[in-house]
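Subject: Structure for your review

Hello,

Please find the structure below. My notes on it follow.

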Amino acid sequence: MRNKVGNKSIAISILSSIFKMIRKNPVSWLIIGLTILFATLYSESFLTGTNLESILKGFVITSMLSIGPTFVVLMGSLDVSYMGIWMFGGALVWLLFPYLGMASIFIYPIFGLALGFINGIVHVKSKIPSFILTLSITAVLAYLTTVIRNIYGVLTLAVPEYRFLTGSLIQYVPTTFLLALPVFILSFFFMNFTKLGTYLCAIGSNEEGAELAGINVKKYKVLGFAVSGFLSGLGSIALYSYLGARAPVTLDLNEMIRGLAAIVLGGTPLVGGIGGPHRTLFGALAYVLIFNGLFLAGIDPNQFKLYIGLTLIAAVLIASRGLKGVLIT
Amino acid sequence: MARINLSREWLQRNLTTITPISAAIVLVIVLRILNPFFLTTHESVVTLVYGMSWFLIAACGLTLVILMGSFDISIPSIIKLSAMLCGVFYPQLGFFVIPLAIAVSLTFGFVNGFLLAKFNIPSFMATLATSFVAEGLAQIISGGYTRILQDPAFWAISITFIPAKFGLPSIFYWAIILWIIGIFITLITPFGRSVYAIGGNIVGARLAGINIVKVRILVFMLSALYAGISGILYAAQIQGAHMQIGVMDTIPLFASVVVGGTALTGGVGGIHRTLLGVLIVRWLDSGMSMIGIDYNIRMIVFGIVAIIMTIVTIERKRIKIMK
Amino acid sequence: MNFSDLSIIEVRNVSKTFNGVVRALDNVSINVKENEIVSVVGENGAGKSTLMKILVGIYPPDTGEFYHKGIEVPFPRNPGEALKRGISIVYQEKGVIPHLKVYQFLFLNMEEKFTRLGRLQLERILNVAKEVLDELNIKCDITSYMYELPLSTQKMIEIARAILSIKLEHGEIGADKLTPIIILDEPTAPLSLEERDELFNHLLELKKTSSFIFVSHIIPEVIKFSERIYVLRDGKLVAHHDLSKEKVVEEELFREIVGRESHYYLWSKYAYGKSELFEKEPIVLSIKNLSKRGYYQDISFDLHKGECIGLFGPAGSGKSEIAKTIYGIISPDSGTIITRHKKAGLNDEPHRRLKMGVGYFSGETGKELFLYWPIRKNVSLVNMEKVAKKPIKVMSIINFKAERSLAEKIMKKLRIRAPSVETECYSLSGGNKQKVSVGKWLERSPDIILLEDPTIGIDVGSREDIYEVLLEMKRSGISMILVSDDPKEYAILCDRIFFIKDGKLQKVYENEEFRKVMQL
């Protein structure tokens with residue numbers, strides 16, 4: 001048995017699988033197509049540094065909110081608690097800042113992880129449908145955020161010391177993008193280099209079969225939610241400067257949808273078993289590009305909802321090709 | 001062995017009837033204590049009616065969908081769009097906004113059902129997407145501005161008091177009639193039976209020769225129709241339309257269906273139960289606002305109530321795998 | 001039965017009763033030797049799967065001894081312990097996870113062996129996967145998804161996984177003298193005919209290093225490929241054949257499986273005329289060149305009014321798929337189905353076929369019946385036209401009184417034992433459930449009814465009642481097509497029996513001929 005692990009050959013295989021991925025995924029064609037389209041139509045505004053910067057920013061927001069939940073969608077469930085983690089985690093940061101200083105931002109992943117565990121355990125024990133469960137928990141978190149705001153009588157829970165996060169260390173590359181990179185890397189790691197990715201796919205693809213193969217399905221379901229929460233929490237660090245605990249707290253279904261939209265656009269159907277964080281990144285990029293294009297075209301931002309809806313319909317229609325024979329409600 | 005299972009079944013079966021009834025009784029008592037005028041004055045009854053009528057209509061539509069085992073998130077958005085259509089186009093079309101709103105609603109319903117039946121797209125996802133389209137359209141036609149309906153003839157659809165002095169506004173009667181029609185459809189027609197069948201055992205429904213595609217599309221169209229009518233009546237009631245209609249109503253609507261005793265899994269419960277669920281939800285809402293509980297907290301309470309009732313009504317034995 | 005020194009494992013006097021009532025196994029003893037394929041055959045409910053589950057540690061037996069190479073050891077308490085003994089199982093269905101890649105599935109639940117510092121060593125996994133598959137002569141791309149592979153390859157990979165899990169649990173084979181024993185539960189049922197041959201060729205290769213317990217009820221395969229055969233019936237071991245010493249004929253096995261002593265002598269009551277009688281009757285169903293790749297090919301026949309045709313053959317012969325196709329549950333690739341002088345669309349859903357006069361009754365009441373619905377509702381579901389009236393043109397209403405009396409009529413006719421028409425079906429016994437199911441079709445009186453395993457798993461008395469009903473339906477002019485595993489059923493109900501094998505119509509028997517052949 002060959003024990004020598006060739007680093008070069010791993011790099012080559014990763015690269016070649018990336019190329020294969022790009023070729024196979026319809027979304028990547030969409031992205032390439034849109035890029036070309038916008039570059040020609042709006043060449044003055046599209047290919048500028050500022051535009052690139054805003055695309056990257058949008059990309060970061062969308063992807064940070066959707067990478068975590070991708071793991072849960074892989075198993076066939078839904079997790080919308082990323083908004084709650086973002087909001088309430090921000091409140092926690094604000095609360096802890098006087099005591100922990102700059103380090104208090106690291107409460108985010110810890111909180112996310114803890115919340116993920118709670119989601120997972122409650123879902124597995126009580127069999128409450130995951131969508132309803134995570135939606136309600138988000139509602140609770142939203143409320144708690146307002147409570148904290150009310151108790152302390154403040155309008156915003158932003159911490160000025162973190163301002164620098166909104167800027168760009170390198171020109172046109174927002175700091176948040178750099179902060180997002182560890183999340184990307186971690187998600188790839190979880191997906192491809194640990195059992196977790198495989199097992200979650202297995203559970204999503206054929207839960208009974210996974211059980212028969214000896215997998216502790218309950219345990220991995222809980223882990224799936226935990227990872228989702230952890231990644232969302234970590235991702236929220238990158239997003240701390242945007243909205244978060246600052247914005248008015250609404251249980252706006254529309255904002256919540258961003259995450260799911262990116263996942264679906266990327267080609268991870270909601271029934272599970274197929275897809276992964278790499279696809280979600282494509283989806284997030286596509287999502288952002290579409291809206292960038294609409295914005296450049298001068299369409300009223302208030303009408304975006306319509307286009308989100310139409311895009312979603314198109315996305316699920318494309319994704320539905322893989323769903324033949326599955327019994328859907 | 002069979003005996004023991006039976007009584008557990010019996011308990012659970014009747015739990016879904018006992019719970020809402022006792023909850024309703026408790027609520028009435030508590031509310032009475034909080035506000036001695038509750039339900040004793042004409043005014044308080046009218047307020048209740050204005051709050052629950054449009055809601056009941058929408059909840060009936062949602063109940064039908066849930067009975068079939070699906071979900072419909074687009075109802076609040078369709079209500080909004082329907083109301084907006086009335087508000088925006090009344091000056092040009094007069095009462096013809098009504099067929100317009102209905103036609104538009106039916107189209108959305110058709111799309112929802114079609115996406116599910118022909119493309120196998122989970123109903124949650126499909127209706128979510130169409131809700132966005134509806135919202136977007138509402139935004140476009142109104143420009144985001146609130147519309148006022150100036151014509152008392154239009155208001156009269158909803159606010160005519162029958163009988164004139166101490167009666168109830170007409171919207172109440174519309175709601176009750178639609179509710180009764182809903183009960184009729186679900187309990188007495190073969191179509192209603194097939195809705196229960198699909199919700200209860202989709203494989204068996206197919207084997208029994210039920211046209212699943214047709215029923216699914218019809219159900220979503222009905223749900224959208226109810227939502228559309230609710231929107232029209234609501235616009236008449238508040239004499240206008242604005243972009244905040246239906247916002248945050250998904251959870252209370254869902255709660256009212258589940259609290260009434262219709263299980264999320266489908267095949268169990270019914271529109272007849274939804275009236276009680278709606279009453280409970282509206283009373284809960286009034287009670288909480290009387291105590292001065294914040295709007296957001298009220299949402300959370302509904303969420304929790306919905307979860308509890310979901311746990312109570314879900315026939316977990318039947319479902320080995322819950323996602 | 002003495003145990004030979006060559007046997008790897010042996011179990012003796014295994015008994016298992018469920019809920020104090022159902023005796024699944026009664027004093028069964030079997031053994032498995034090195035490098036052999038042992039078959040365990042029997043009807044549904046004979047106890048095969050219970051025995052296998054005990055062997056892999058899913059539950060313990062009530063009585064029995066377990067010998068490993070002649071030494072008595074306790075029964076495995078869980079699948080992990082069974083693995084340590086070298087026993088692993090490949091399930092009939094739902095064992096494959098379609099969206100995993102081959103190498104992911106191959107090593108599922110065994111990843112710890114390939115993890116270092118919390119990181120999966122992909123390179124190593126890929127290498128070992130390639131090696132394993134090459135060794136077992138399975139040709140496929142290890143990075144492809146499981147669903148992309150043909151079914152036989154999927155099955156082979158499942159088997160490879162089973163062998164691998166034993167190896168990994170126990171170190172290398174040969175060195176430690178451990179021969180893996182792989183239990184194959186009905187492995188060929190979902191496979192097409194060419195795929196089955198492939199599978200068996202592989203198994204014969206694998207026999208050199210492993211032993212197999214082959215659980216099946218496909219007689220021809222069992223005779224062709226096993227060294228020894230155990231026959232279970234009603235939880236008892238009724239026969240053991242050593243094929244190196246004796247030759248076994250298919251019909252003999254059939255009889256042992258099904259039981260020579262029939263509980264009922266009904267079949268003698270009903271005299272059958274020749275099929276010429278039916279030829280004068282109008283044709284109600286005409287099937288021409290019906291084909292579905294991998295399942296059945298070029299099926300053609302005509303069904304006359306009042307006639308009952310049996311599609312007889314081993315499991316996986318395609319008989320069940322043909323029946324399902326006629327009702328629209330699955331679609332054929334090509335061919336024609338003509339009923340009521342109209343061509344049916346090939347992709348029709350059941351509701352279309354129902355309107356064209358076809359019905360379908362399955363013995364699997366879990367799927368067919370609405371268990372939480374009362375009898376009344378179950379009966380009326382396919383009889384809506386009878387219990388609903390149309391006061392206005394577009395709206396029909398259910399007449400509850402009519403519904404109730406319809407259900408009462410059925411209950412009386414079929415002697416369904418239940419408190420009332422409002423009784424919910426889950427509380428009924430198996431036989432009564434079946435009766436509700438068949439009762440609704442009796443009322444519906446379609447022109448043609450497909451019967452799939454109509455009396456599976458029910459008691460003798462109910463079985464008789466159902467046969468009476470079916471025969472009455474037949475006499476009233478309803479045509480039937482029967483698919484079943486019980487030859488006696490065919491003998492009782494069918495006028496002509498088509499022998500289906502390998503997806504093709506091989507031979508047509510008259511009822512009398514069939515009985516002779518089956519020695520009933």
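In which sense do strand β3 (residues 37-41) of chain C and strand β11 (residues 228-233) of chain C pair, and over how many bridges? The pairing of β3(C) with β11(C) is parallel and has 4 bridges. Within it, C:V41 is placed opposite C:V231 of β11(C). Strands are DSSP runs of E with at least two residues, helices are runs of H or I with at least four residues, and both are numbered from the N terminus. Two strands count as paired if DSSP finds at least two bridges between them.

Before the rest, some conventions. This is a predicted model, in which local features need pLDDT of at least 70 and side-chain atom pairs count only at pLDDT 80 or more, while totals for chains, interfaces and linings use all residues. Residues are numbered from 1 along each chain as its sequence is written, and chains are lettered from A and ligands numbered from 1 in the order in which they are written.

Chain C

Chain C contains 20 helices and 24 strands. Of its 520 residues, 47% are buried (a residue is buried if 20 or more other C-beta atoms lie within 10 Å of its own, exposed if 12 or fewer, and partly exposed in between, with C-beta atoms placed from the backbone).

The β3(C) and β11(C) strands belong to an open sheet of 6 strands, in the order β6-β9-β10-β3-β11-β12 (chain C), with mixed pairing. β6 (87-90) and β12 (236-242) of chain C are at the edges with a single partner strand each, so one side of each has no neighbour in the sheet. On average, neighbouring strands of this sheet are turned by 20° against each other, direction ignored. Helix α1 (residues 48-55) of chain C packs on the sheet and touches β3, β6, β9 (181-185), β10 (211-216) and β11 of chain C. The direction of α1(C) makes about 150° with that of β9(C). For these angles, axes are lines fitted to C-alpha atoms, for helices over the stretch in contact, and angles run from 0 to 180 degrees between N-to-C directions.

Another set of strands in chain C pairs in the antiparallel sense. Strand β13 (residues 283-292) of chain C is joined to strand β16 (residues 334-339) of chain C by 5 bridges, and the two run antiparallel. One bridge partner there is C:T336 in β16(C), for C:K288. β16(C) is also joined by 2 bridges to strand β17 (residues 342-343) of chain C, again antiparallel, with C:T339 opposite C:K342 of β17(C). β16(C) and β17(C) make a hairpin with 2 residues between them, and C:R340 in the turn has a positive phi of about 50°.

Chain B

Chain B has 13 helices and 4 strands. Its radius of gyration is 20 Å, close to the 20 Å from the globule rule for 323 residues, so chain B is as compact as a globular protein of that length (the radius is taken over C-alpha atoms, and the rule is 2.2 Å times the number of residues to the power 0.38). Buried residues account for 55% of the 323 residues in chain B.

In helix α8 (residues 190-200) of chain B, 10 of the 11 residues are buried, so the helix is largely enclosed by the rest of the structure. Among the buried residues of α8(B) are B:F191, B:R193 and B:Y196. The buried residues of α8(B) pack against α2 (42-67), α7 (170-188), α9 (202-207) and α10 (212-238) of chain B, together with α14 (375-381) and β20 of chain C.

Interfaces

Contact means that the C-beta atoms of two residues, placed from the backbone, lie within 7 Å. By that criterion, 40 residues of chain A are in contact with 40 residues of chain B. On the chain A side, α7 (130-152), α12 (253-266) and α14 (304-319) each supply at least two residues, and α14(A) gives the most, with 10 residues. The chain A side has 26 nonpolar, 11 polar and 3 charged residues (Ala, Val, Leu, Ile, Met, Phe, Trp, Tyr, Cys and Pro count as nonpolar, Asp, Glu, Lys and Arg as charged, and the others, Gly among them, as polar).

Between chains C and B, 21 residues of chain C are in contact with 18 residues of chain B. On the chain C side, α12(C) gives the most, with 3 residues.

Regards
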